[in-house]
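Please look through the structure shown here, and then follow the questions and answers about its rings, loops and backbone angles.

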Amino acid sequence: MQNKFAWIVTPDLPWDERKEMITTALESGINYVVDLEYSDKIRKLGNVNIVSNKADADIYIVGFNGEGDGSINLSENLADSKDLANAKKAKSEGKTVCAYIKITDKLHEQLAVKLGPIVDYIILVGTDWTVIPLENIIADLQKVDVEIIAAVADKDGAKLALETLEHGTDGVVFEANDFALIKEIAQEVDNASRTKYELKTATLTNVKPLGSGDRVCVDTTDMMKPGEGMLIGSYSKSMFLVHSESLESEYVASRPFRVNAGPVQAYVMVPGNKTRYLSELVAGDEVLIVNTEGETRTAYVGRSKIERRPLILIEAEYKGNTIRTLLQNAETIRIVDAENNPLSVADAKPGDKVKVYIEKSARHFGIAIDETIIEQ
């Protein structure tokens, strides 16, 4: 599942009250603001993307005071659409463009489909409708490179939009007029962005100490709980659940923000069902934290630390497939057993059952594809 997002429309309130709503949105991870009046003041609040019809907008919006919001009548001949012409002009000038359309009838639904291939984003506003027009537009634009955003009024509306036709809209936009509402919708967007991986139980077949190699510790900006870690493996199609250093040890203090992940060439699962080499990770990159049930959340890399350490080879078998990874050979490095308990590599032995993830597709530059690739 892709990462979903939320935008806010600033409420029609005095600046001081509007400012508090925007600040709450920023603190909740929402940094796209639709506002036609206060762009200079809003930019002073943080790193914000302004969506407006002004020249300094980060995203130029068409449809306000146009056919999109009903200010101009929409001709039956969509080729005469003013919003369509404005969008084409803005794109020709190199702008990032968003179309705003109230879906009041079938003709406006058709306008949305016409605008989809031209703009970068499209905001769909329902007036007195069921979810059917939204389904129609999602279906018509599913192969078009445009981000579809549904205007919603509450948490339930956000959930419905983000799940429509399984794929759902790419994002939601709402009027930020209530502190609790901002936090609720931000949480709903976060929930909708989470991928769940089906973990399998594999049997260890070989545990072999090796010499030294360059291994990577991934320190994140999140505190992980026992049972959480990352999917790591020597093969992009099969990975072990490597436990975080969230457990106390008689040897070292816990480091709940860290996964001692493996050697530099190993793969790690990141958001978007993609993989990265551990050696590529730098501060600010996104990684996927995974728990023993396969549930995920996104975290940021605070730093990636490469040091030379003794390694150990871990091999397992699942339905005839061989899974391998290398880890640091130390008591504090753990995988996860079939009962969801951390298993130290120092104690691991052939016959032990452990949690793994098996990808059906091959990967090219970290992206799952339908291709035959042999990794050994």
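Q: Which residues do ring pairs link into a cluster together with F5 and W7?
A: In this predicted model, two rings of Phe, Tyr or Trp pair if their centres lie within 6.5 Å. Under this rule the count comes to 8 aromatic pairs. Ring pairs join F5 and W7 into a cluster with Y32 and Y121.

Q: How far from the centre of the ring of Y60 is the charged end of K95?
A: A charge is taken to sit over a ring if NZ of Lys or CZ of Arg is within 6 Å of the ring centre and within 35 degrees of the ring normal. The charged end of K95 sits over the ring of Y60, and its distance from the centre of that ring is 4.5 Å.

Q: Is T169 buried or exposed?
A: T169 is placed in the loop between α6 (155-163) and β8 (171-175). Leaving aside neighbours within four places in sequence, T169 is in contact with K4, L134, I138, I148, A150, A161 and L162. Because its relative accessible area is 0%, and the limit for this class is under 20%, T169 is classed as buried.

Q: Which residues is L45 in contact with, leaving aside its neighbours within four places in sequence?
A: L45 lies in the loop between α2 (39-43) and β3 (49-52), and with a relative accessible area of 27% it is partly exposed. Once neighbours within four places in sequence are left aside, the residues in contact with L45 are W15, K19, I22, T23 and L26.

Q: How far apart in space are L45 and T10, C-alpha to C-alpha?
A: Along the sequence, L45 and T10 are 35 residues apart. In space, taken from C-alpha to C-alpha, the separation of L45 and T10 is 14 Å.

Q: What is the phi of K319, a residue other than glycine?
A: K319 is found in the loop between β16 (296-318) and β17 (321-328), and at 70% relative accessibility it counts as exposed. Most residues other than glycine have a negative phi. K319 is not a glycine, yet its phi is positive, with a value near 50°.

Q: Where is N340, and what is its relative accessibility?
A: N340, although it is not a glycine, has a positive phi of about 70°. Its place is in the loop between β18 (334-336) and β19 (342-344). N340 counts as partly exposed, because its relative accessibility is 27%.

How values were computed: Residues are numbered from 1 along each chain as its sequence is written. This is a predicted model: local features need pLDDT of at least 70, side-chain atom pairs count only at pLDDT 80 or more; totals for chains, interfaces and linings use all residues. Side-chain values use heavy atoms; hydrogens and water are left out. Rings of Phe, Tyr and Trp (its six-membered ring) pair if their centres lie within 6.5 Å; planes under 30 degrees apart count as stacked, over 60 as edge-to-face and the rest as tilted. Helices (H or I, at least four residues) and strands (E, at least two) are DSSP runs, numbered from the N terminus. Buried means under 20% relative accessible area, exposed over 50%, partly exposed in between (1.4 Å probe, protein chains only). Contact means heavy atoms within 4.5 Å.
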